[in-house]
Amino acid sequence: MENILDMTIAQLKKLLRKKEISSVELATYYLDRIKKYDGEILSYLKITEEYALDMARQADKKIANGEEEPLLGIPFGMKDILCTKGIETTCGSKILKGFVSPYDATVIQKLNKAGYVHLGKLNMDEFAMGSSTENSAFQATKNPWDLSRIPGGSSGGPAAAVAAGLCAAALGTDTGGSIRQPASLCGVVGMKPTYGRVSRYGLIAFASSLDQIGPLARNVSDCAAVLNVIAGHDVMDSTSIPQPVPDYAQLLGKDIKGLKIGIPREYFIEGMEPDVKKAMTESIALFEKQGAIPVEITLPHTEYAVAVYYIICTAEASSNLARYDGVKYGLREKGKDIIDMYKKTRLKGFGKEVKRRIILGTYVLSSGYYDAYYRKAGKVRTLIKQDFDEAFTKCDMIVTPVSPTTAFKAGERLQDPLTMYLSDICTIPVNLAGLPGLSLPCGFDEKGLPIGLQIIGQALDEARMLQAAYVFETERKVKKMPERYSV
Amino acid sequence: MKITKETVEYVAHLGRLELEPQEIDLYTQQIDSILQYMDSLNSLNTDGIEPTSHAIPVKCVLREDTTKASFSVDDSLKNAPEKTGSFFKVPPIIGVEE
């Protein structure tokens with residue numbers, strides 16, 4: 001039983017097939033760990049114990065019949081931003097407390113068909129707005145490597161749960177770095193696919209031109225296994241791309257000789273912690289030793305990405321969050337008329353960061369300011385995308401840090417929103433350009449906090465990124481779990 | 001100053017948000033400093049550049065115009081804070097000052 005946490009999904013499936021463990025035993029194992037450890041980590045908002053055991057019993061029946069499904073019997077946690085039929089979805093907000101979706105998100109439907117087991121819903125920054133999970137209306141998740149520090153955000157719950165072994169893997173979402181940054185700060189693997197690769201149907205929308213769902217796991221091959229299930233065209237999402245889904249595990253184990261990896265000078269910024277810089281230098285050297293060719297590239301408009309992002313995402317959010325008005329679902333506060341009801345409901349239901357972004361977004365779209373802000377930001381977004389197009393004529397994929405710093409202390413960045421926004425300086429451009437991004441553990445700082453390496457790929461090049469990540473992971477054996485939770 | 005308290009209050013009203021009195025000052029100051037940061041975009045020449053709204057574009061996504069079952073009235077009303085018959089019940093809408 002002690003090896004379970006070190007096993008890949010493929011290895012777990014083998015154990016299940018050979019009946020060395022049952023799915024019910026596996027689910028119980030994780031449920032017990034959640035009971036033992038999550039009181040101090042606070043990654044789960046809701047634990048669906050009976051539902052999980054029921055799904056596990058179904059899985060065991062199928063296994064006994066010799067049936068095979070890609071994730072049969074494997075226990076997952078879901079970021080609480082995905083609509084799950086019959087199970088509350090709060091999006092980390094009071095305004096959706098008690099909301100029970102009448103339908104499953106497409107990714108949930110796909111996971112169901114693949115035989116997964118649903119352990120529970122994971123904590124997040126409210127409406128995915130944040131980089132520390134401190135904006136959750138319900139609880140602040142802790143970083144399992146140091147409980148006085150944040151796990152990152154907005155997928156802090158998924159990252160912490162995976163890092164502490166409270167699920168085999170998880171789904172998170174990423175709009176400006178919300179899978180990659182917490183994955184980096186918690187020492188796990190996290191991937192944001194190409195925009196449109198995974199259906200957004202049933203994903204509670206924050207910024208529709210930027211949001212993507214993706215896996216978090218303790219190793220690269222698990223990310224590939226999950227991506228294989230959730231990727232694909234969906235008629236219910238008109239931004240989902242029609243290209244067929246390859247087998248993302250197909251290139252794992254192949255070498256990377258001759259692979260050109262671009263190193264953009266603009267990502268190695270002044271504010272970068274020395275330990276992060278050191279880990280990056282060592283990582284690039286490792287890639288080189290494995291046959292890759294580092295190439296210096298430039299992404300000249302990088303410094304404008306945060307400004308562009310906070311205009312575009314807040315504008316889109318102000319529109320997407322207009323639906324939370326107390327009429328059809330969620331919280332409703334009494335009002336003397338409809339407008340009074342809207343205002344009182346949104347006052348009570350939304351947290352500070354959400355309100356701040358709605359005001360910003362409404363402002364940048366308002367008459368007189370639309371051209372100066374929103375349209376201008378859209379144009380600079382084109383320049384940022386063109387930077388990547390140009391860079392990819394010189395390299396196959398790009399390697400950068402995920403975050404200039406390791407996990408900061410709880411409360412440290414709450415006073416000045418701008419300081420918090422700058423946490424995502426390395427991840428944001430990837431969303432603006434719609435490209436795939438992967439975060440991979442590459443070491444620790446002197447305080448023992450995880451450092452993540454980012455691989456940015458060309459559109460739809462996830463298989464090759466996973467190939468490179470797999471080579472790195474095999475060579476640079478990084479500790480996967482804090483001692484405290486390794487038992 | 002890029003933004004005044006009055007503008008923040010007006011924009012909040014547009015977004016159907018009510019702010020607590022102590023919040024207005026704080027938000028004005030924070031939003032002001034964020035907007036000043038965004039001024040950096042003005043140093044860029046974007047003449048002739050088209051804005052990107054869809055990074056990985058998919059064109060002409062159409063479907064057959066066929067009717068399919070949607071949610072039942074019961075399912076649609078399940079989360080309703082207040083309902084009557086097959087309707088969501090809300091406070092007065094007509095004759096309300098904007």
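## Fold of chain A

Chain A contains 15 helices and 11 strands, where helices (H or I, at least four residues) and strands (E, at least two) are DSSP runs numbered from the N terminus. This is a predicted model, in which local features need pLDDT of at least 70 and side-chain atom pairs count only at pLDDT 80 or more, while totals for chains, interfaces and linings use all residues. Residues are numbered from 1 along each chain as its sequence is written, and chains are lettered from A and ligands numbered from 1 in the order in which they are written.

The radius of gyration, taken over C-alpha atoms, is set against a globule rule of 2.2 Å times the number of residues to the power 0.38; for 487 residues a compact globule would have a value near 23 Å, and the 21 Å of chain A agrees with this. Along the principal axes, the C-alpha atoms fill a box of roughly 65 × 55 × 45 Å.

All 11 strands form an open sheet of mixed pairing, in the order E1-E3-E2-E4-E6-E5-E10-E11-E9-E7-E8, two strands being paired if DSSP finds at least two bridges between them. Strands E1 and E8 of chain A stand at the edges, each with a single partner strand, so one side of each is left without a neighbour in the sheet.

| Edge strand | Residues |
|---|---|
| E1 (chain A) | 44-47 |
| E8 (chain A) | 293-297 |

Within this sheet, strand E5 (residues 189-192) and strand E10 (residues 437-444) of chain A run antiparallel and are joined by three bridges, with Lys192(A) standing opposite Gly437(A) in E10(A).
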